Amino acid sequence: MSLPPTAEAPSEPEFAIDVRGLHKRFGDKHVVNDVSLQVRRGEIFGFLGPNGSGKTTSIRMMCGLLTPDAGSGACLGFDIVKEANQIKRNVGYMTQKFSYWDDLTIRENLDFVARVYGMPNRKAAVDQALENLGLASRAKQLTGSLSGGWKQRLALAACMLHAPRLLLLDEPTAGVDPTARRDFWEQLHALAAQGISVLVSTHYMDEAERCHKLAYIAYGKLLAQGTAAEVIAQQGLTTWAIHGDNLFALSQQLRAMPGVDQTVAFGNAMHVSGTDAAQLESTVQAAATRHGLKLEPVETSLEDAFIYMMKRSQDNFAEQL
Amino acid sequence: MQPLIRQFDGFSLARWWSIVLKEFLQLKRDRLTFGMIVGIPIMQMLLFGFAINTDPKHLPTAVIAADHSEFTRSYIAAMQNSSYFQIVAELPNEEAGRAALAQGKVQFVLNIPAGFTAQLLRGERPSLLVEADATDPTATGMALAALPQLVQSVASKDVTGPLAALAAKPQPFDVQVHRLYNPEGISQYNVVPGLMGVVLSMTLVMMTGLAMTRERERGTMENLLATPVKPIEVMTGKIVPYIAIGLLQSTIILLGARFVFHVPFAGNLLAVYCAALLFIAASLTVGITLSSFARNQLQAMQLAVFYFLPNMLLSGFMFPFAGMPKWAQALGNILPLTYFNRLIRGILLKGNSWPDLWPHIWPLLLFTALVMTVAVKFYRKTLD
């Protein structure tokens, strides 16, 4: 039998997520290696990293789906190892792949979720969710017949249904069109304003820039954490933009030159970045003069910083092998 | 601001019920599975009930008659009257007879040698030769066993008067045979009740196996695990519809047995359903266990077939259990279908009571308990 929630439910701590030194191995693969994360209440925290970097595994450990091999921490004040069930009750987890039942109708899916969480006013909650979604008239439609964008909206509505205090969203906007993505982020910011914390993993730079804080993970290791500006600053990069046509050949040459750590193509411009500002400046100045191209110093973008981090972690990983 | 909710940590009936409802809804939408639930028992019953006969009659027989007399005609008539033999051809010689057997045109060739009647009248005890295509022992066994008795009946009818001395003398003592439970030896009485266990193990093991792996394959299991639902609630909730299905299938077969095949219902109907429930439980635990080893639905299906075959062959459903070598009997004794077949046949045909049934009930209980333990142990709570 289920009991009504006890009256003295714990008050919400300052950190929605506070985990330290998480490790997870699958066989001989060290999938998550010493990850520590703090997400403040009401914060939208972006979780970035290449495919297979350990984002999903980290999220699963935080919501009690996986037991970490080492490390400890709390999610909404509940211990991630011992109180996984309490975490599950208060967290909304949206899986990377749409994971509601295609052979149930939209209403049936929401109703199932409401039942599972033991919501007191089930019907009202489901009706309200359908209304908010704008799916009230299609409530009896089979979920499998929805388009990708609608499925994503339904998934968010379903994982919000039980009024969770923390949302864990695993690549929620993968394969969703730009308008739907923008609406989705508007919604996230509205939720955050209500004090709901959000951890969202993504591949999109524009989405990363809309997060309050960011973490970058590669090969299971957390490489940077902080606001976008902090993450960029941590890399200590200076960046120049070179404008012109046919920059490809030049980019190949520049990569081998002193002071240049990376070149990134942006349409008719190319970002050239390096950690040694003086060396970099003399190199790009010489190149621009030689080819008669326009050169200007620019702010290092988040994308430059991420590409730099990814490249460096690859190099490190190669060394380890 | 909304407070955090602390929930009850034990088994929740409400959550369990939510899983049950979901399974019923999904089953309702799955027309093919639903068709299978009703179709398989009916199809199996028609096939096994009408098509399979372990006591075949009217087998094609050819006659090579080098001698014609009242006695040979009488013997041929007796063969036909036994209903095992049907004379389909008269052949000129032995070569033609062998050819007909080799080509499978006839099952038996009766060879009446020249001078048979003359020898008989002289009291020389002549022989008739019956050649049989004995490749399939079940096809020929019963018919051949009937042959000697025919001599007796011909002798008592036709070899009379002055020839009476030639008729066989009465044997010094007699053996009385009582065929109990199925005096007419009707195969259906044995096969149709046996089908119940076959259908239940086939559909239930496969369906639970599929239902469990389907969630994993489609990724919905991850979603389920991220909710407060406990694995034990998922597991037990998911099997409820299949208990109902099992009982429905049992009822279909019992109705068919009673009204189509007129199988005697000597025992207690309540005992039948108790046995069925017990066997359903055993099959469902097997299905769950298989699903925890299978990575996808295809593998679950393969494992189900792998489980099903020995059950079908070694349980005494298809072939007599007592006729199997000791090692095969030992294997058969591990399988739940063996015990269920004994239970169902015992109840329906023999009218067994609880003390008679107990020796077959406790092995089923033990099997279910053991497999359940394995299932719970291997059913992974988390994704790793």
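1. A residue counts as buried if 20 or more other C-beta atoms, placed from the backbone, lie within 10 Å of its own. By that rule, 43% of the 321 residues in chain A are buried.

2. This is a predicted model, in which local features need pLDDT of at least 70, side-chain atom pairs count only at pLDDT 80 or more, and totals for chains, interfaces and linings use all residues. Residues are numbered from 1 along each chain as its sequence is written, and chains are lettered from A in the order in which they are written.

3. Chain A has 11 helices and 14 strands. These are DSSP runs (helices H or I, at least four residues; strands E, at least two), numbered from the N terminus. The C-alpha trace of chain A spans about 75 × 45 × 35 Å along its principal axes.

4. The contact between the chains takes 37 residues from chain A and 30 residues from chain B. Contact here puts C-beta atoms, placed from the backbone, within 7 Å. On the chain A side, H2(A) gives the most, with 5 residues.

5. In chain B, the axes of helix H2 (residues 31-51) and helix H9 (residues 231-259) come within 10 Å and cross at roughly 30 degrees. Axes are lines fitted to C-alpha atoms over the stretch in contact, with angles from 0 to 180 degrees between N-to-C directions. H2(B) and H9(B) are therefore roughly parallel to each other (angles under 35 degrees).

6. Which residues of H2(B) meet H9(B)? They are B:Ile37, B:Val38, B:Pro41, B:Ile42 and B:Met45. Their partners in H9(B) include B:Ile245, B:Leu248 and B:Ile252.

Conventions
A residue is buried if 20 or more other C-beta atoms lie within 10 Å of its own, exposed if 12 or fewer, and partly exposed in between; C-beta atoms are placed from the backbone. Two residues are in contact if their C-beta atoms, placed from the backbone, lie within 7 Å. Angles under 35 degrees count as roughly parallel, over 145 as roughly antiparallel, 65 to 115 as roughly perpendicular and the rest as oblique.
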